[in-house]
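Have the viewer open as you read.

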Amino acid sequence: MKQILVVGGGISGLSAALDLARLGVAVVLVENSASLGGHAAQLSCKAAERCVACGACMVTEKIRQAAGEANIRILLNAGVDKIERGKCFEVTLKQDQQIQRIEVDAVLMASGFAPFDPTNKPYGYGRFENVMTSLELDRMLRRIGAVNRPSDAKLPRNMAFIQCVGSRDSTLGHLWCSKICCGAALRMARCIQNRQPGMEATFFYIDVQNFGKNFQTYYADTRQQVRMIRSIPADVLKTADDRLKLSYFDPDTQAYQEAVFDMVILSIGLTPSESTRNLAAMLNIDMDGLAYARKTPILLPNGVFAAGAAIEPMSIAESVLSAGKAACDIFHYLETASRI
Amino acid sequence: MQATPEPAASADMDDPSPLFEVRTETRISHCSGSAGNFQVMLSPPHGIPPLTFANIVIAEDGMQSPLFSLYGLSACPTVLSLSEIQKVLSSPPASEHTLTSGQTAVFMVGLAGESYPHVLEAAMASCLKLQAEMGLKTMILTRNLKVGAPGLEALYRKTRDAGVVYVKFSDALPTFQQDAEGKVLIAFLDDITQMPFTVIADVTVVDEAVAPSPYLKDLSRIFCLDSDPAGYIQSDNVHRLSVFTNRKGILAAGASRGVLPPSAWQAEVQETVITLLSLIKGELTSRGNKAEIDAGACVRCLTCFRLCPYHAITLNTRPVVMTDACERCGMCAAECPAKAIRIDDLRIQAISERLQPIPCRDNNASFTPFLVAFCCSRSAGRAKELATLSGLSFPERLSIVEVPCSGSISAEYLLAAFRHQADGVLVLTCHEGNCHSERGNILARRRTAHLKNMLKQIGIDPDRLLLKTLASNMAAEFAGTAAQFEKQIAEAGPLRINKLQRQ
């Protein structure tokens, strides 16, 4: 029986592992955190009345399927310590200080992304409690089923969503659009409006990216519900009454404007993860700095494959597709390798 | 259009010469059967025995139509579509065309409607060539710059550095006036400076609307496939990811399931292959009891045939369930007017056995209501599991009955719960648009509303029955809904059903 190593237990790693396990390939799935599902498992459902097809619920099903699949061995709190290439890959895994060695025929990098840290942006993140990242907002809604201000637990009357924090930013060298944040923020804004009626949402953006199959309709509708301002705020300050003041150049009035909000959400971008870099270093893959800005896929050595946000920013649906592609490549590789 | 002929589908993977037969100028005229044994009629040739296929892949290409009329323009050698300019630029020598250095070329991308990253990419690549290699001045007019694809932000910066001018519009759009020589006068108010501008375009390039192939409409009818509002043969439902349709064994790839960039086509093919392999191995068949029709009781009203979201019921001389395609949603059994359909573990007797009242822990305490929650196993059932894992607490006397789909929750189930001394009954389904069986949650909602009416008529407070929608990751909401309902029913007091009501 052929055996492969999947690094990363997020939506991509789980999908590919399931695809291959079902075809009789033994999968060792290593996940560096204490639970499966990756970032997707931290996201909340963004349905208003209807499902908006964000895909966050899909991961629950995948985790369940993977846990019940005999061909998948799941190692949590585990990472790759060393990979040596012989006839196959000799991998040293470290799980809770325990070392174990396995041999695998192929390696799948499904090591996901790292969320951008906005501490150094002029938005008061880390200093003002009511400035949160989009991921933190998702976690809050998921944990308590509501959105309230961290400083006083009151429901926000209005919220600002600032897009492209850490994306499309040449000063950071981040020459990529993170792609999923427009959909996440607008769906989130409408989801909160549905649960907490009367909440006014303002969306500060550069360009709205497509999301979902019925984007045209959803977007037209959203423009009626959410105030759209094509401008990225210059800074965020705290007012004396514990609210947040944004200043921005308003294209409508051609002047700098100020607006005060109860909460500010930073739509943080996706960046390549540390474990992808480490893995690339172990496998002598030239990442050439940041692969996200590239047009062409990273060149991978024979027997090494990649899927999901380890390659570039991807939505949940795209990650599932990317995992299917990788699984097919791996299956083909294992079949042809066995013939030689 | 390609189909997997049965011999190839079942052949050994190592077979070096799989059967591959191509039929051109052929359309599908009819299909019967189910996964593993589809009988497909082709035309032409007419009248020959149908061909048998294990699985079917629909991979129709999409349609592109230039949006000239939406901008009030008409096509001419200098007013052309994006595909046309791409063709001109890719077939040397491009100089045969009237494009000359110093001219102004204006591209419209996503002005008439929102565009797509791969369309922007084509426009940017064309501009770069015109600007950097052929000495034209180029402009791109757009609403939202769709840079959400690999490398596009970097390409955007590169084109800007090369001198391509971008004008973005939020609300007001430019006006176009085309003269007899094909030059176009474009006038607009610039969003950023709020100044009026006019540009005379020597060459005007118009983007194209992307639409499904018209043939998909026929295929949707022939294969009984759900379409999305745009007409692609995959509904906008996360359970269909990536290439599934509502029918087992029929897959939709590429431009048959939605708008996909050409760069995704390879992945589509591979995802389709891996899905087919799993299908052939029988790995994607749902396990458990399937629907059975009692031939003696069936009155052939065909409700089940019309209702089955998976089209797992075929018509012989009477309706017959194609067991492999049945996903156990139970919609047919719940709706059958003659009660001729059963799924063994979803029979009312089996459900009733799961409805035994939970005794109060402390008999001296104040009233603690007995609650029954019927949960769709894909959504609320998983939310409950997650809530348990997260250490959330539930009402003391809450009995959970998981069913494969809320579409199976019949009025009988709900009445049985009340008969088994439930003081309140919850129906927990997925959100509309998220149902694996497409319409199960809608049926559940309709039945619940109907039963609430009935309860009212027999003197039972209809608020004792509550339907809520939950996703599988809504653990907090599951616990919250249950707690809130317990509070509400505790306030309402115990349900006392008299003999008359019991009947």
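In this predicted model, strand β11 (residues 184-189) of chain B is joined to β12(B) by 6 bridges, and the two run antiparallel. One residue pair to look up is B:Phe188, whose bridge partner in β12(B) is B:Phe197.

These strands belong to an open sheet of 3 strands in chain B, ordered β10-β11-β12 with antiparallel pairing. Because β10 (175-178) and β12 (196-201) of chain B stand at the edges with a single partner strand each, one side of each has no neighbour in the sheet. From one strand to the next, the twist averages 15 degrees.

Zooming out, here is the domain assignment of chain B:

| Domain of chain B | Residues |
|---|---|
| domain 1 | 2-61 + 212-280 |
| domain 2 | 65-210 |
| domain 3 | 292-343 |
| domain 4 | 348-502 |

In chain B, the C-alpha centres of domain 3 and domain 4 lie 26 Å apart. Between them, 8 residues of domain 3 are in contact with 13 residues of domain 4. The domain 3 side of this contact divides into 5 nonpolar, 1 polar and 2 charged residues.

Now for the two chains together: how many residues does the contact take from chain A and from chain B? Chain A gives 52 residues and chain B gives 48 residues. On the chain A side, the elements giving two or more residues are α1 (11-22), α2 (58-67), α3 (134-144), α5 (215-225) and α7 (316-339). The largest share, 11 residues, comes from α7(A). By residue type, the side of chain A that touches chain B divides into 23 nonpolar, 11 polar and 18 charged.

Key. Residues numbered from 1 in each chain as written. Chains lettered and ligands numbered in written order. Predicted model: local features only at pLDDT ≥ 70, side-chain atom pairs only at ≥ 80, totals over all residues. Contact = placed C-beta atoms within 7 Å. Helix = DSSP H or I, 4+ residues; strand = E, 2+ residues; numbered from the N terminus. Nonpolar A, V, L, I, M, F, W, Y, C, P; charged D, E, K, R; others polar. Domains from an automatic or database assignment. Pairing = 2+ DSSP bridges. Axes fitted to C-alpha atoms, helices over the stretch in contact; angles between N-to-C directions.
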